[in-house]
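Here are my comments on the model, as numbered points. Please read them with the structure open.

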Amino acid sequence: MSAPKTPSTRKVLGAFAAGLLAATATVTAISVLPSAPAIAQNQLKAAAIDPSAGFADLVDRVMPAVVSVEVKFANASAEGEDAAPRMQGMPDGPLGEFFKQFPQFRNGMPGQRGENEAPRGGMGVGSGFIISADGYVVTNNHVVKDADEVHVTMKDGTELKAEVIGTDPKTDLALIKIKSDKAFDYVSFTKDEPRVGDWVMAVGNPFGLGGSVTTGIVSALGRDIGSGPYDDFMQIDAAINRGNSGGPAFNLEGEVVGINTAIFSPSGGSVGIGFSVPSNTAKNVVSQLVAFGETRRGWLGVKIQAVTPDIADSINLDTPRGALVSDVTPEGPAAKAGVQAGDVIVDFNGRAVNAMRDLPKIVAETPIGDKVPLKVWRKGAEVTLTAEVGRLEDGEKLADAGAGAKGEAPARVEVLGMTLSSMSEELRKEFQIDADVNGAVVTEVVKDSPAGEKRIAPGDVVTEAGEQEVQGAADVRDRIEEAKKAGKSSLLLLIAKGGKAAEMRFIALKLKE
C-alpha cells in the first residue's frame with residue numbers, strides 16, 4: 001500500500017496499528033487494496049480452474065491486467081525519518097511511527113499541517129489492476145493521495161504515466177487512467193457474492209518486488225475494522241504485505257472479488273489476516289468515479305447510534321435492532337420526512353436495518369432524488385414515513401442549525417445518583433454549555449450509581465427523558481416516577497455530553513439506586 005488513511009476517531013484493531021500495504025518502510029497498521037477480474041484485450045473469461053492442479057493457468061490469465069503503481073512526492077531530497085519535526089495530530093506509539101514513514105504524512109495527518117508547511121518528498125509504491133480496454137486502473141486512495149506524479153508499470157516492464165481521475169477516501173478507493181496506442185488487457189469484477197471458505201488469489205507488488213501471487217481462502221465477510229462509515233470488508237488469509245495495497249483478489253474464474261486494502265499485523269508483515277474491499281462495494285464507487293470523477297452518495301441527514309439491550313427494553317422494542325436517531329439535521333431529508341430524535345429506523349427502502357452500521361451503507365447506495373419509504377419505531381409503535389434521498393456531499397456542507405434557548409426557572413433535584421439543576425446562565429457559563437442546548441444540567445454524580453455506571457458526568461445536559469422534552473430538572477424526576485409506576489426497568493435519556501449540541505447521546509438509565 002501507499003499512504004494510509006486518516007485514522008480519524010476510529011480505533012485500530014486490538015493494540016496494534018493496522019498497516020497500509022505500501023512499500024516504503026516497516027508497516028504495522030491497517031492497509032487498503034483494490035481488485036478486478038482479468039481479461040486481455042477483451043475481458044479474460046474462462047472456466048474455473050481446478051485448484052488441485054495448481055494456479056498457474058489462472059495466473060497466466062489475469063497477470064497482464066495487474067500493475068505496479070509508483071508515486072512520487074515533491075522535495076524528495078527532504079526524505080528521511082528525521083527530516084521533519086514531530087507530526088501534528090499523529091497518534092502515539094506504533095501507528096504514529098508507521099505513518100511517519102510515508103512522505104505525505106511527515107508533517108501531519110491531512111488537515112493537520114501547519115499553514116505554511118508543505119509535505120516532505122519521497123516515493124512510494126502500491127498495486128492496481130486494469131478494468132477496461134481503454135486504461136482505467138483501480139487502486140487505493142492512500143496509494144495516490146497527494147502524489148505529484150503517478151506511474152504504472154505493466155507486466156512486460158512498460159512504464160506509463162497515469163492521471164488520477166477520482167478518489168473516494170471513505171472506502172479508500174481511487175481510479176487512475178493510463179493511455180496507449182493499443183487496447184489493454186483487463187479484468188472484471190465478479191457478479192457473485194463470495195462465500196466464507198472460497199478460494200482467493202491475491203496479486204500485487206509487495207515490498208516493490210513486482211507481480212507476486214499468494215493464495216488462500218475467504219476467512220470472513222462483513223468485517224468492520226473501524227476505518228470508515230462504510231466498512232464491510234472481506235477478510236482473507238492469502239498473504240498480503242506492504243505494496244499490495246490496491247491489488248486484486250481473484251476467484252477461481254479470474255474475476256475480482258476484492259481489493260486488498262488492509263492487514264492486521266503487529267510487525268508489518270503478513271500474519272494471515274488481510275482485508276479487501278468487496279467487489280460489490282468497489283463496483284458502485286468505481287462506476288461513479290468513471291462517470292463523474294467523484295462519488296455521489298445518498299444522504300438522510302441524521303446522527304445515529306446503536307440500539308443496546310437496555311435501550312431496546314426502555315422503548316419496548318422486541319430486540320436490539322435498527323439505528324437510533326440521536327439528532328436530525330434541520331432542513332435535511334429526514335427532517336422533511338418527519339423523522340424525530342428518539343426514533344429507531346428499522347427499515348429503509350424495503351431493506352431491514354438489523355444494526356446501526358447497516359443504515360449508512362443502505363442510504364449511500366440509494367439513488368439521489370428517490371422518494372423511499374422508511375419505517376421507524378416511535379413510542380411503542382411502527383410508523384412509516386417517506387423521505388426524498390439527498391446527496392451526502394451536499395449534506396456535509398450544511399451547518400447545523402441551532403434550536404434557540406429557552407429560559408428556565410432554577411430548580412434542583414437528586415435522582416438515580418445524579419444531581420440535576422434547571423438551566424441558568426450561571427450554569428451555562430460554568431460548564432461552557434452550547435447556547436442551543438437546553439434542559440437539566442448534571443452538576444454532581446455519585447460514582448457507584450445508575451448514573452455513574454453510564455458515565456454521566458457533571459456538565460452533561462439531559463434534554464429529553466422518556467422521549468419527552470425536558471424543560472427543567474423537575475421534568476426528569478417526574479419522568480422517572482412515571483416510568484417506575486409503569487413497571488419499566490429503565491428510562492431513555494437524551495443527553496448532550498459536555499453540554500455540546502454535536503455530542504447528543506441516548507442513554508438507557510436503570511431505574512434503581
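1. In which sense do strand S19 and strand S20 pair, and over how many bridges? The model is a predicted one. In it, S19 (residues 371-378) and S20 (residues 381-388) are antiparallel, and eight bridges connect them. Across this pair, lysine 371 faces glutamate 388 of S20.

2. The turn of that hairpin deserves a look. Two residues separate S19 from S20, and lysine 379 has a positive phi near 50 degrees.

3. A barrel is formed by six strands, closed in the order S2-S3-S4-S7-S6-S5 with antiparallel pairing. On average, neighbouring strands of this sheet are turned by 40 degrees against each other, direction ignored.

4. Strand S6 covers residues 159-168 and strand S7 residues 173-177; the two run antiparallel and are joined by five bridges. Threonine 167 has alanine 174 of S7 opposite.

5. Which strands does helix H4 lie across? Helix H4, residues 279-292, lies across S4 (136-140), S6 and S7, and its angle to S7 is about 45 degrees.

6. For the protein as a whole, the count is 11 helices and 28 strands. Of the 513 residues, 54% are buried. The exposed surface comes to about 21,800 Å², with 48% of it supplied by carbon and sulfur atoms.

7. Sequence separation of contacts is the last point. Taking contacts between residues at least 6 apart in sequence, 65% link residues at least 24 apart.

Key: Residues numbered from 1 in each chain as written. Predicted model: local features only at pLDDT ≥ 70, side-chain atom pairs only at ≥ 80, totals over all residues. Heavy atoms only, no water. Helix = DSSP H or I, 4+ residues; strand = E, 2+ residues; numbered from the N terminus. Buried < 20%, exposed > 50% of the residue type's maximum accessible area, 1.4 Å probe, protein only. Contact = heavy atoms within 4.5 Å. Areas by Shrake-Rupley, 256 points an atom, 1.4 Å probe, with all protein chains shown as cover. Pairing = 2+ DSSP bridges. Axes fitted to C-alpha atoms, helices over the stretch in contact; angles between N-to-C directions.
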